[in-house]
Amino acid sequence: MRMLLPIIALAMLAGCTTPQAPVRAGLINAGIDERTATCMADRMVHRLSLLQLRRMAGLGKAEHSRDLDQLLYRLRSLNDPEIVTVTASSAALCKLGLG
């Protein structure tokens with residue numbers, strides 16, 4: 001039983017993690033600078049559902065974007081205005097240092 005306790009604790013902690021690292025990596029791959037991507041990822045994981053984040057990740061398997069404009073253009077193809085709005089507002093606030 002004592003051996004099982006650390007495994008249960010680790011499993012519980014794993015369930016509490018956010019998908020911030022993969023979102024950040026995806027934003028960097030999409031041409032967003034590291035500082036802005038870190039800020040945007042933090043905002044996005046708190047404002048979008050896991051389903052929305054997974055849908056965005058599906059775009060990452062296609063060709064990479066070169067900049068924010070191209071990323072937003074590709075995100076519009078998901079037909080989810082909230083994803084586009086949250087991504088654009090996060091980019092703007094983070095670029096201005098308000099995020």
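**A tour from Asp80 to the α5/α6 pair**

Start by selecting Asp80, which sits in the loop between α5 (68–76) and α6 (81–95). Keep in mind that this is a predicted model.

Colour by accessibility while Asp80 is selected. Its relative accessible area is 14%, and the cut-off for buried is under 20%, so Asp80 counts as buried. Next, show the residues around Asp80. Setting aside neighbours within four places in sequence, its contacts are Gln52 and Arg55.

Now select the two helices on either side of that loop, α5 and α6. Two packed helices are described by the angle between their axes and the distance between the axes. For α5 and α6 the angle is about 165° and the axes lie 9 Å apart. That angle makes α5 roughly antiparallel to α6. The crossing of the two is right-handed.

From α5, select Leu68, Leu71, Leu72, Leu75 and Arg76; from α6, select Ile83, Val84, Thr87, Ala88 and Ala91, which they meet. By class, this contact holds eight nonpolar residues, one polar and one charged.

Finally, zoom out to the chain. Six helices and zero strands are present, in the order α-α-α-α-α-α from the N terminus. Of the 99 residues, 31% are buried. Among contacts between residues at least 6 apart in sequence, 52% join residues at least 24 apart.

Note on methods: Residues are numbered from 1 along each chain as its sequence is written. This is a predicted model: local features need pLDDT of at least 70, side-chain atom pairs count only at pLDDT 80 or more; totals for chains, interfaces and linings use all residues. Side-chain values use heavy atoms; hydrogens and water are left out. Helices (H or I, at least four residues) and strands (E, at least two) are DSSP runs, numbered from the N terminus. Buried means under 20% relative accessible area, exposed over 50%, partly exposed in between (1.4 Å probe, protein chains only). Contact means heavy atoms within 4.5 Å. Axes are lines fitted to C-alpha atoms, for helices over the stretch in contact, and angles run from 0 to 180 degrees between N-to-C directions. Angles under 35 degrees count as roughly parallel, over 145 as roughly antiparallel, 65 to 115 as roughly perpendicular and the rest as oblique. A crossing is left-handed if the near helix is turned anticlockwise from the far one by less than a right angle, and right-handed if clockwise. Ala, Val, Leu, Ile, Met, Phe, Trp, Tyr, Cys and Pro count as nonpolar, Asp, Glu, Lys and Arg as charged, and the others, Gly among them, as polar.
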